[in-house]
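Visitor: Please take me in for a close look at one part of this structure. Then show me how the rest connects to it.

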Amino acid sequence: MKKIFLLTNENVLVGISGEVDLEKLKKLLNSNTTVVARIGQKVLNKGKIFAIRYTEELNSTDHNLAITIADKTFNLNVDDYDKALNDIEQSANKEEFVLIGDLLFSRKVFISAEETQSIG
């Protein structure tokens with residue numbers, strides 16, 4: 001089972017066990033009527049969620065995109081970082097929660113996204 005990493009509104013990164021469909025969770029969190037959501041074995045108020053990463057490894061050494069949420073940086077490996085940057089810009093301008101790869105995050109605490117060079 002993969003671990004779900006949750007960055008809370010207290011800027012604390014916690015691990016949660018269980019399953020989550022990030023695409024479905026994104027749709028749920030972007031609904032105006034949603035107040036709480038189940039993430040693995042937790043139910044949380046939508047306002048407590050800064051970011052969710054569903055992966056076995058939090059920060060891969062094989063990456064080409066760094067996304068900073070609050071003061072945490074998440075490294076992702078995307079096929080086309082120009083497309084990923086465009087997707088972030090477009091999604092963040094119309095939705096509260098943005099999904100890029102295996103990272104779902106709130107635009108309210110999004111800081112930046114940029115191309116990086118992996119060290120691995």
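Guide: Strands E1 and E5 pair in the antiparallel sense over 6 bridges. Two strands pair if DSSP finds at least two bridges between them. Strands (E, at least two residues) and helices (H or I, at least four) are DSSP runs, numbered from the N terminus. This is a predicted model, where local features need pLDDT of at least 70, side-chain atom pairs count only at pLDDT 80 or more, and totals for chains, interfaces and linings use all residues. Residues are numbered from 1 along each chain as its sequence is written, and side-chain values use heavy atoms, with hydrogens and water left out.

Look along E1. Threonine 8 has isoleucine 49 as its bridge partner in E5. E1 also has a partner in E2: the two pair in the antiparallel sense over 4 bridges. Here leucine 6 is bridged to valine 14 of E2. Phenylalanine 5 is bridged to glycine 15 of E2. E1 and E2 make a hairpin, with 4 residues between them. In its turn, asparagine 11 has a positive phi of about 60°.

E1 is mostly covered: 5 of its 6 residues are buried. Buried means under 20% relative accessible area, exposed means over 50%, and partly exposed lies in between (1.4 Å probe, protein chains only).

Stop at leucine 6. This residue sits in strand E1, residues 3-8. Leucine 6 counts as buried because its relative accessibility is 1%. Now find isoleucine 49. Leucine 6 and isoleucine 49 are 43 residues apart in sequence, yet 7.2 Å apart in space, C-alpha to C-alpha. Set aside residues up to four places away in sequence, and leucine 6 touches Val12, Leu13, Val14, Ile16, Ile39, Leu44, Ile49, Ala51 and Ile52. Contact means heavy atoms within 4.5 Å.

Step back to the sheet. It is open and has 5 strands, in the order E2-E1-E5-E9-E8, with antiparallel pairing. Strand E2 (13-16) and E8 stand at the edges. Each has a single partner strand, so one side of each is left without a neighbour in the sheet. The twist averages 15° from one strand to the next. Helix H1 (residues 22-29) packs on this sheet and touches E5, E8 and E9. The direction of H1 makes about 165° with that of E8. Such angles run from 0 to 180 degrees between N-to-C directions; the axes are lines fitted to C-alpha atoms, for helices over the stretch in contact. H2 packs on the sheet too, touching E8 and E9.

5 bridges join E6 to E7. One of the bridged pairs is threonine 68 with threonine 73 of E7. In the hairpin of E6 and E7, alanine 70 takes a positive phi near 55°.

Now the interior. A nonpolar core is a set of buried Ala, Val, Leu, Ile, Met, Phe, Trp, Tyr and Cys residues joined through side-chain atoms within 4.5 Å. The largest has 17 residues, and Ile67, Ile69, Ile100 and Phe105 have the most contacts inside it. Elements that each supply at least two of its residues include strand E5 (49-55), strand E6 (65-69) and helix H2 (81-92). A second, separate core of 16 residues includes Leu6, Ile16, Leu25 and Tyr54.

Finish at the rings. The structure holds 1 aromatic pair. Phenylalanine 105 and phenylalanine 110 have ring centres 5.5 Å apart and planes at 20°, so the pair is stacked. Rings of Phe, Tyr and Trp (its six-membered ring) pair if their centres lie within 6.5 Å; planes under 30 degrees apart count as stacked, over 60 as edge-to-face, and the rest as tilted. Phenylalanine 105 is buried, at a relative accessible area of 0%. Phenylalanine 110 is partly exposed, at 25%.
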